[in-house]
Amino acid sequence: MINIIWLGMIVIGVSVASIDCLIDFTNGTLTWNPSLVPLVDLTTGVFESVKFAVTLAIGLVGIMSLWLGLMKIAEKSGLIQIIARAVKPVMIRLFPDIPVEHPAMGSLIMAIAAGMLGLGNSATPLALKAMQEMQKLNKFKETASNAMCMFMAMSTSSVTIIPATIIGIRAAANSSNASEIIGPVILATGISTTVAIIMTKLLEKLPRYRYPEQADAQEQDGSVELTTGKEE
Amino acid sequence: MFQSILNAISALAIPLIIVLIPIYGYRKGLKVYEVFVVGAKEGFDVALRIIPYLVAIFAAISVFRTSGAMNVLTWALSPVTGLIGMPGEVLPLAFMRPLSGSGALGIVSELVQTHGPDSTIGRMASIMMGSTETTFYVLAVYFGSVSVTNSRHAVPAALTADLVGMISAVVITNIIFG
């Protein structure tokens with residue numbers, strides 16, 4: 001998909017510039033006006049642009065280093081556990097199918113807490129661990145459980161506290177107030193996470209998305225006896 | 001009132017984090033300076049790692065814009081984007097965001113560079129990037145890791161959340177900075 005979009009932008013761009021070389025379509029009238037200027041502009045533009053790309057990335061080094069340094073302290077000092085403790089009461093209500101003492105609940109809480117801190121690299125392994133633990137509670141191994149869908153929706157709309165990379169990009173581009181987006185981002189992710197939770201709860205009850213009944217379990221999957229905890 | 005609360009959060013977040021995390025680490029007995037440096041070393045790698053992605057996207061967008069194709073697209077979609085108050089320039093970001101995080105970051109960087117970080121477009125792109133996720137990537141990796149093939153309502157729920165996140169970003173930007 002991204003390959004098509006990327007190629008499409010280049011092909012369409014070069015085509016439009018080529019047409020522009022032959023005819024002039026300003027002011028709504030088409031006039032025959034052969035000129036190489038549009039393609040020359042295009043070349044200059046590409047060279048300028050890729051130079052900016054590198055300048056920008058280098059400008060990002062300072063803020064990324066600052067942030068990753070702070071996050072390393074947060075990680076080593078166990079700050080995730082503090083956040084985990086704070087979100088636990090909410091998580092228990094959002095994931096009613098997962099027993100509180102089951103390892104799945106622990107890894108879910110850790111994964112969400114890491115996501116909130118924006119610990120990109122450390123958050124992914126925690127999230128995959130949470131998926132594995134939820135899969136142990138899942139009766140139909142090829143079908144997503146309600147808990148998995150809820151976790152997925154919450155992950156894709158994750159509440160971000162500090163969007164560090166974007167702040168870095170803004171600072172590298174000489175913003176007068178690079179961090180002014182923090183408040184708006186927290187608000188927007190808050191809204192989208194709320195919608196994600198409501199949508200998941202509503203959709204899981206629809207017939208076409210319903211979790212397969214216990215009755216077909218034996219036919220489809222022999223691993224029913226492995227599951228523990230509360231089941232629908 | 002609402003606006004000043006958001007401004008206060010933005011202004012206080014970084015100073016609070018910069019002071020609280022090291023203090024907490026110190027109280028837990030960490031050698032905070034040394035741990036910080038270990039983490040900070042990764043900053044260079046992160047910046048270097050995104051260069052190829054930025055170059056790829058910057059080149060494609062540059063071709064698309066200088067040729068005038070961007071103007072055509074923006075003009076063609078303006079009835080739709082105008083409805084929610086989104087400048088047409090931001091629309092490519094909305095398409096790229098769920099597919100590729102590095103691609104979307106490239107688009108944001110390009111918009112910030114071209115229109116300025118403190119322009120409406122620059123702010124809207126930044127806020128949109130910060131409040132949405134690479135939905136398809138997350139779905140593929142998370143479900144793929146446990147071989148789940150029937151994702152049930154996860155995709156519609158996640159995409160709805162994405163759409164709401166994007167519209168929220170547009171509306172919030174227009175309210176606060178408009």
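## Glu133(A) and its two partners

Glu133(A) is buried in this predicted model. Its relative accessible area is 4%. Two lysines pair with the side chain of Glu133(A): Lys129(A) and Lys136(A). The salt bridge with Lys129(A) spans 2.7 Å from N to O. The one with Lys136(A) spans 3.4 Å.

Why can these residues be set about one helical turn apart? Lys129(A) and Glu133(A) both lie in helix α5 of chain A and are 4 residues apart, so about one helical turn separates them. Glu133(A) and Lys136(A) are 3 residues apart in helix α5 of chain A, which again means about one helical turn. The lysines are partly exposed: Lys129(A) has a relative accessible area of 40%, and Lys136(A) stands at 48%. Glu133(A), in contrast, is buried.

## A salt bridge within chain B

Over all chains, the structure holds 8 salt bridges. One of the pairs lies in chain B, where the side chains of Glu110(B) and Arg65(B) meet at 2.5 Å, N to O. Glu110(B) sits in helix α5 of chain B, residues 101-115, and Arg65(B) in helix α2, residues 32-66, so the pair ties together parts that are 45 residues apart in sequence.

Arg65(B) is partly exposed, with a relative accessible area of 26%.

Salt bridges with shared partners join Arg170(A), Glu180(A), Asp118(B) and Arg123(B).

## Charged and polar links between the chains

Between chain A and chain B there are 3 salt bridges. Asp118(B) and Arg170(A) meet through their side chains in a salt bridge of 3.6 Å, N to O. Polar contacts also link the two chains. The count is 20 residue pairs, both residues at pLDDT 80 or more.

Which elements of chain A give two or more residues to the side that touches chain B? They are α1 (2-22), α2 (37-76), α3 (79-94), α5, α6, α7 (164-172) and α8. The most comes from α2(A), with 26 residues. By class, this side of chain A has 60 nonpolar, 27 polar and 10 charged residues.

## The area the chains bury

How many residues of chain A are in contact with chain B? The number is 97, and they touch 89 residues of chain B. Together the chains bury about 7800 Å² between them. Of this area, 78% is on carbon and sulfur atoms.

Three residues lead on the chain A side. Met9(A), Ile73(A) and Thr156(A) supply 9% of the area that chain A buries against chain B.

## Two aromatic pairs

A pair of aromatic rings is described by the distance of the centres and the angle of the planes. The structure holds 2 aromatic pairs over all chains. Phe140(A) and Tyr211(A) form an edge-to-face pair. Their centres are 5.2 Å apart, with 75° between the planes. The pair links distant parts of the chain, 71 residues apart. Phe140(A) is in the loop between α5 (120-137) and α6 (146-156) of chain A. Tyr211(A) is in the loop between α8 (182-203) and α9 (217-220) of chain A. Phe140(A) is buried, at 2% relative accessible area. Tyr211(A) is buried too, at 11%.

Phe151(A) and Tyr142(B) form a stacked pair. Here the values are 5.7 Å centre to centre and 10° between the planes. This pair crosses between chains. Phe151(A) lies in helix α6 of chain A, and Tyr142(B) in helix α7 of chain B, residues 135-145. Phe151(A) is buried, with 1% relative accessibility. Tyr142(B) is buried as well, with a relative accessible area of 11%.

How values were computed. Residues numbered from 1 in each chain as written. Chains lettered and ligands numbered in written order. Predicted model: local features only at pLDDT ≥ 70, side-chain atom pairs only at ≥ 80, totals over all residues. Heavy atoms only, no water. Phe/Tyr/Trp six-rings, centres within 6.5 Å; stacked < 30°, edge-to-face > 60°. Buried < 20%, exposed > 50% of the residue type's maximum accessible area, 1.4 Å probe, protein only. Contact = heavy atoms within 4.5 Å. Buried area = accessible area lost by both parts, 1.4 Å probe. Salt bridge = Lys/Arg side-chain N within 4 Å of Asp/Glu carboxyl O. Polar contact = N/O pair within 3.5 Å; in protein donor to acceptor, adjacent residues only side chain to side chain. Nonpolar A, V, L, I, M, F, W, Y, C, P; charged D, E, K, R; others polar.
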